Amino acid sequence: MFARLRSDVQCILDRDPAARSTWEVVTCYPGLHAIWLHRPAHWCWRHGLPWLGRFISHFARWMTGIEIHPGARIGERVFFDHAMGVVVGETAEIGDGCTIYQGVTLGGTSLYKGAKRHPTLGRDVVVSAGAKVLGGFEVGDGAKIGSNAVVIKPVPPGATAVGIPARIIPSKAGQSADVTEPQAARPFTAYGITQEDDPLSQAMRGLIDNASSQEHQIALLWQAIEKLSANPQAPAKDCVPCDAAREEQFQADKLNELVGK
């Protein structure tokens, strides 16, 4: 038990540069208090004491501003950073090493009792401020949810979801939000910040580049026509500019993948 408590504190020291000491973390971090109060609430929920579990979770909400249903399952080294206004539903599952910021909702879209209504977060997932993850699907290990994203479909491992509704930026090899590995190999990214652009902006940039390329090719075509008009006897191959595009280059499939459904 004490090893787990030390792990709870250490994960905050590892991920929050504002944390100066163990004493400060233990006494001044509501996210840690919410985790510690959730454990007895969850024990009561699983052992036939649902009212007591709900009462403890209600007290924790009043104390910390973080609402975690006693039925939710939370792994080890989970860090609720700031976390005011976080709501975690009854059938939600949060994997080891996850980081959840303020204003996040792990909510359900179904009204059927006993069904899996809330999301399952894999290991080392980062859910950034204001994000809403709604539904009984999985968010893969090492995935990142951008600020204010509304996620309504599964997120693959290592991918990043941004936008409303969320669109998926595919992961690259070796990239993850994992903070249990050496920092040089897999650095932790606060608030799920990614070096990639929003997929819609990438698609728009692709369309702009394609339009520019078309303008250039049209200009080359007119240059070739001008040469042929000036000298009809010249070989056609001598009139074709060296940078003329002889094959189709527009990547429609890639742009469609960025835009999503």
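The model is a predicted one. The secondary structure of its chain comprises seven helices and 15 strands. Of the 261 residues in the chain, 41% count as buried.

**Chain as a whole**

- The accessible surface of the chain amounts to about 15000 Å², and carbon and sulfur atoms account for 58% of that surface.
- Among contacts in the chain between residues at least 6 apart in sequence, 39% link residues at least 24 apart.

**The four-stranded sheet**

- Four strands form an open sheet in the order β2-β5-β8-β11, and their pairing is parallel.
- The edges of this sheet are held by β2 (73–74) and β11 (138–139); each has a single partner strand, so one side of each is left without a neighbour in the sheet.
- Within the sheet, strand β5 (residues 93–94) and strand β8 (residues 120–121) run parallel and are joined by two bridges.
- Ile94 stands opposite Leu121, which belongs to β8.

- Trp51 is exposed, its relative accessible area being 62%, whereas Phe55 counts as partly exposed at 45% relative accessibility.
- Phe59 and Trp62 make up an aromatic pair that is tilted, with 6.1 Å from centre to centre and 40 degrees between the planes.
- Phe59 and Trp62 also both lie in helix α4, in this case three residues apart, about one turn of the helix.
- Phe59 counts as partly exposed because its relative accessibility is 37%, a value that falls between the limits of 20% for buried and 50% for exposed.
- Trp62, at 66% relative accessibility, counts as exposed.

**Nonpolar surface patch**

- A nonpolar patch on the surface is formed by Trp43, Leu49, Trp51, Leu52, Phe55, Phe59, Trp62 and Met63.
- Together, the residues of this patch have about 960 Å² of accessible area.
- Helix α4 gives the most to the nonpolar patch, contributing six residues.

- Lys132 is located in strand β10 (residues 132–134).
- With a relative accessible area of 28%, Lys132 is partly exposed.
- When residues up to four places away in sequence are not counted, Lys132 touches Gly103, Thr105, Ala149, Val150 and Val151.
- Lys132 and Asn148 are 16 residues apart along the chain, and their C-alpha atoms are separated by 6.9 Å.

Technical notes
Residues numbered from 1 in each chain as written. Predicted model: local features only at pLDDT ≥ 70, side-chain atom pairs only at ≥ 80, totals over all residues. Heavy atoms only, no water. Pairing = 2+ DSSP bridges. Buried < 20%, exposed > 50% of the residue type's maximum accessible area, 1.4 Å probe, protein only. Phe/Tyr/Trp six-rings, centres within 6.5 Å; stacked < 30°, edge-to-face > 60°. Patch = residues over 30% accessible without salt bridge, like charges linked within 9 Å, V, L, I, M, F, W, Y side chains within 5 Å. Areas by Shrake-Rupley, 256 points an atom, 1.4 Å probe, with all protein chains shown as cover. Salt bridge = Lys/Arg side-chain N within 4 Å of Asp/Glu carboxyl O. Contact = heavy atoms within 4.5 Å.
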